[in-house]
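Trainee: I would like to go through this model term by term. Please give me the cut-off behind each label.

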Amino acid sequence: MDDSGDASRRVEVPFPEIIELNVGGQVYITRYSTLTSVPDSLLWEMFSRKSAKGLPRDTKGRFFVDRDGFLFRYILDYMRDQQLVLPDHFPERGRLQREAEFFNLPELVKLLAPKISKQNSLGDEGCQSDPEDSSPGTDVARNLSSLGAAAAACASLVPGAMDGKRSGFITIGYRGSYTLGRDSHTDAKFRRVARIMVCGKTSLAKEVFGETLNESRDPDRPPERYTSRYYLKFTFLEQAFDKLADAGFHMVACNSTGTCAFAHEQTDDKIWTSYTEYVFYRE
């Protein structure tokens with residue numbers, strides 16, 4: 001009788017102390033107390049309910065949130081101690097502010113907002129923005145007209161902001177595989193291109209490919225640094241070539257290598273792997 005009485009007085013906890021999240025394909029593991037640390041936030045509303053029913057889950061049972069999985073790390077860091085710590089020359093401040101608005105974190109939104117002094121001049125954050133995030137002509141002119149002469153001085157410190165398009169190299173690469181039978185001309189079976197990789201200066205890559213550029217493998221790279229970890233969100237080489245041509249780039253070199261990775265003993269089929277690169281340059 002005593003045991004049944006104790007059981008009736010127990011309060012069912014709908015969520016475990018350790019919670020797994022799938023945010024845009026990225027898996028995070030955190031404490032229940034962290035997710036409910038900011039009252040009235042979206043995560044607080046999700047995990048303060050009496051039942052977990054109705055919350056979307058992925059195929060492995062993790063709670064799913066359809067947002068930018070790589071920027072969510074900064075959202076989670078903020079919810080742990082309500083402080084904002086970002087890498088130097090962080091180029092995704094505007095996008096992170098949009099994520100903070102979605103998760104209903106008003107104090108984080110204020111911390112991410114551009115700082116403008118009483119003298120109508122930009123704070124430190126204004127000069128640290130990526131010059132390639134906006135078009136070099138109309139966007140700079142519009143900002144100068146709204147921010148005045150002090151902002152004009154800040155914009156003049158951004159390399160290339162007033163000088164038009166920059167010169168430089170961009171390399172496009174992809175890995176592929178194909179199967180060759182006895183008759184190599186008629187039996188070739190090619191796999192589709194799984195991923196198109198982009199190598200070069202960060203600012204140039206963002207200028208050419210814009211929203212079609214996946215920066216998830218190197219999200220904090222400053223605009224003047226080089227990277228070989230970006231890749232495109234589409235898998236059509238011609239589409240990449242069109243974007244490069246529209247931006248004034250011309251192909252100057254290409255190369256390809258192939259290696260026999262496997263040979264079938266009975267059918268004589270051979271599976272080859274290849275890596276191909278195209279080098280583009282703009283004067």
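Mentor: Start with the surface: Arg 175, Arg 195, Arg 217 and Arg 229 gather there in a patch of positive charge. This is a predicted model, where local features need pLDDT of at least 70, side-chain atom pairs count only at pLDDT 80 or more, and totals for chains, interfaces and linings use all residues. Residues are numbered from 1 along each chain as its sequence is written, and side-chain values use heavy atoms, without hydrogens and water.

Trainee: What makes a group of residues a patch of charge?

Mentor: Each member has over 30% relative accessible area and no salt bridge, and like charges are joined within 9 Å. A salt bridge means a side-chain nitrogen of Lys or Arg within 4 Å of a carboxyl oxygen of Asp or Glu. Arg counts as positive, and its charge is placed at CZ.

Trainee: Why is Arg 229 called partly exposed?

Mentor: Buried is under 20% relative accessible area, exposed is over 50%, and partly exposed is in between, with a 1.4 Å probe and protein chains only. Arg 229 has 37%, so it is partly exposed. Arg 229 lies in strand S8, residues 226–232. A strand is a DSSP run of E, at least two residues; a helix is a run of H or I, at least four.

Trainee: Why is helix H9 called largely enclosed?

Mentor: Seven of its eight residues (202–209) are buried, so the rest of the structure largely encloses H9. Among the buried ones are Leu 204, Lys 206 and Phe 209. Gly 210 follows H9, with a positive phi near 55 degrees.

Trainee: How much of the whole protein counts as buried?

Mentor: Of its 283 residues, 37%.

Key. Patches are made of residues with over 30% relative accessible area and no salt bridge: like charges are joined within 9 Å, nonpolar side chains (Val, Leu, Ile, Met, Phe, Trp, Tyr) within 5 Å. Accessible areas come from the Shrake-Rupley method with a 1.4 Å probe; for residues, only the protein chains shown count as cover.
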